[in-house]
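Subject: Structure handover

Hello,

Here is the structure I promised to pass on. Please open it first, then read my notes beside it.

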Amino acid sequence: MRKKQIPLIALFVILTLVLILVVVLGIRRSQIPADTEALSGREEEAVQEKWQEGTVSHNGRYYKYNNNLRTYLLMGIDKEGPAAEAEDCISGGQSDAMFLVVADSETESISVISINRNTMTKIETLDPSGTKKGEITAQICVQHGYGDGRHYSCSRTVEAVSRLFYNLPVSGYLSLNMDAMPILNDAAGGVEITVLQDIDDPERGVYLREGERRTLNGTEAYSYMRRRDINIFDSATDRLRRQEQYISEFMKKLKTAVAGNTSRAAEIYDSVSEYLVTDVDFANLISELITYEFDGNIYTVPGETVMGDVYEEYYVDDDALYDLIIQVFYKEDRT
C-alpha cells in the first residue's frame, strides 16, 4: 500500500494536537480487545486475541499485531465556538476531519491515516431525546452528530471507526471545533505556503491567488482550510489538498516554536482547551520533550467518491484497506 504524499484529506488543527501530544503529554495506553473474522489468524481459536497475540495470514506470510502501538482518533468538528453540550441528540456536529494517529513507542515515530468524511459505513442513530433508532448506512462524519456533541458523540465515532478498521483497538480520542484554527495558526507565528487555488472570502476580507507565496495569518488560514464550492462535484478534494499542504508546513513551524520548551506547548494547548474534547489522560504531564517523528506523509483509506441520491458518498476499497492495516498495524512473524 502506497503512502499518499501530502495531499488528500484533513483539517489542520487535528495534527496540531498530535504534535502537542507527543511533545508535552504523557499519553495513557489502553488496548481494546478486537473481534473480527476479516483478520482471522492461522487458527480459528486465535480470533479473540488476534490484535494482541494471534497471527494473521496475508499474501502467503504471517503477521502479528504490533503491541508497541497506541492509536488515537482525532476529529475536527464542524461547529463554531467552544465545545458545548448539544441541544439534542441529533445536533452534535459532524466530524469533517478524521485521523487515526498511530504512535510507535519502539521507533518513536508517528503514522497518520486520514479517513474521508464521506466514507459510507454503518452508524448508529438516535432520536432527539436520545432513544436508539437502529443502524443505517451513511457518511461516517454523521455519527458524531448523534450524541451530546462531547464525549458521547466522540465515543460513538470511535466505535464506528474501530468497526471500519475491523475492530481496531483505539486508545483515546481528541476532537476540536473549527474556531481554534486561527488561534493555532497565530500561535505558531503564521504559516508560509504557496497558494494552491484561488480563494475569495469577501466576508472575511481574504483574497488568495494560486501560485503566490504567502505567510497566512489566522483568518487567511481559516479561509484556506475551509472554503470550497459545494456546487462542484468532489470539490472537497481540492480543499483537502490545501489542508494537507498546510498541515505539513504548520507542523514544521509549530515544532520549531515548541522545541525544547514544554511550557510553550502547554500554553498553546491551553489556548484551545475550551474547543477541545478528549478522554486522553493529561494527569501525567511530562517535563521533558518526547521526540516522536512525523515525516509529513499521510496514509489514506483507499476508495472512490460517487454521487449519491443527495450527497457525495465515498466507498472504501476493502482489499486495499486490508493491505493498509497489515502495513501499519502489524509486523511480520518470522518465528
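I start with the lining of the second largest cavity. Its residues divide into 2 nonpolar, 4 polar and 2 charged. Here Ala, Val, Leu, Ile, Met, Phe, Trp, Tyr, Cys and Pro count as nonpolar, Asp, Glu, Lys and Arg as charged, and the others, Gly among them, as polar.

Before going on, some ground rules. This is a predicted model, where local features need pLDDT of at least 70 and side-chain atom pairs count only at pLDDT 80 or more, while totals for chains, interfaces and linings use all residues. Residues are numbered from 1 along each chain as its sequence is written, and side-chain values use heavy atoms, with hydrogens and water left out.

Cavities and pocket

The second largest cavity is lined by N116, N118, D234, A236, T237, L240, T305 and E312. Helix α5 (residues 235-258) supplies the largest share of that lining, 3 residues. Helices (H or I, at least four residues) and strands (E, at least two) are DSSP runs, numbered from the N terminus. The volume of this cavity is about 30 Å³. The whole structure holds 2 cavities of 30 Å³ or more.

A cavity is a set of points on a 1 Å grid over the protein atoms alone, where a 1.4 Å probe fits but cannot get out. A pocket is an open set with protein on both sides within 12 Å along at least five of seven lines. Lining residues have an atom within 4 Å of a point. Grid points are joined across faces, edges and corners, and a volume is the space filled by probe spheres set on the points.

The largest pocket has a volume of about 650 Å³. Of its 27 lining residues, Q94, D96, R117, R228 and I230 are the closest to its centre. By class, the lining has 15 nonpolar, 4 polar and 8 charged residues. Helix α5 gives the largest share here, 3 residues.

Nonpolar cores

A nonpolar core is a set of buried Ala, Val, Leu, Ile, Met, Phe, Trp, Tyr and Cys residues joined through side-chain atoms within 4.5 Å. Buried means under 20% relative accessible area, exposed over 50%, partly exposed in between (1.4 Å probe, protein chains only).

The largest core has 41 residues, and Y224 and Y246 have the most contacts inside it. Helix α5 gives the most to this core, with 6 residues. A second, separate core of 36 residues includes C154, A160, L168 and V277.

What does Y224 touch, not counting residues up to four places away in sequence? Its partners are I193, T194, V195, L196, I199, L208, L216, R242 and Q245. Contact means heavy atoms within 4.5 Å.

Strands

Strand β16 (residues 303-307) runs antiparallel to β17, and 5 bridges join them. Two strands pair if DSSP finds at least two bridges between them. G303 has V316 as its bridge partner in β17. A hairpin of 4 residues links β16 to β17. Strand β17 (residues 312-316) is mostly covered, with 4 of its 5 residues buried.

Strands β2 (residues 55-58) and β3 (residues 61-65) are antiparallel and joined by 4 bridges. V56 stands opposite Y63 in β3. The β2-β3 hairpin has 2 residues between its strands, and N59 in the turn has a positive phi of about 50°. β3 also pairs with strand β18 (residues 330-332), antiparallel, over 3 bridges. Y63 has E332 as its bridge partner in β18.

Single residues

Most residues other than glycine have a negative phi. E108 has a positive phi of about 50° although it is not a glycine. E108 sits in the loop between β5 and β6 (109-115). Is E108 buried or partly exposed? E108 counts as partly exposed because its relative accessibility is 37%.

Y166 also has a positive phi, near 60°. Y166 is in the loop between α2 (151-164) and β9 (172-177). At 15% relative accessibility, Y166 counts as buried.

G149 lies in the loop between β8 (132-139) and α2. G149 is buried because its relative accessibility is 10%. G149 and D88 are 61 residues apart in sequence, yet 8.9 Å apart in space, C-alpha to C-alpha.

Best wishes
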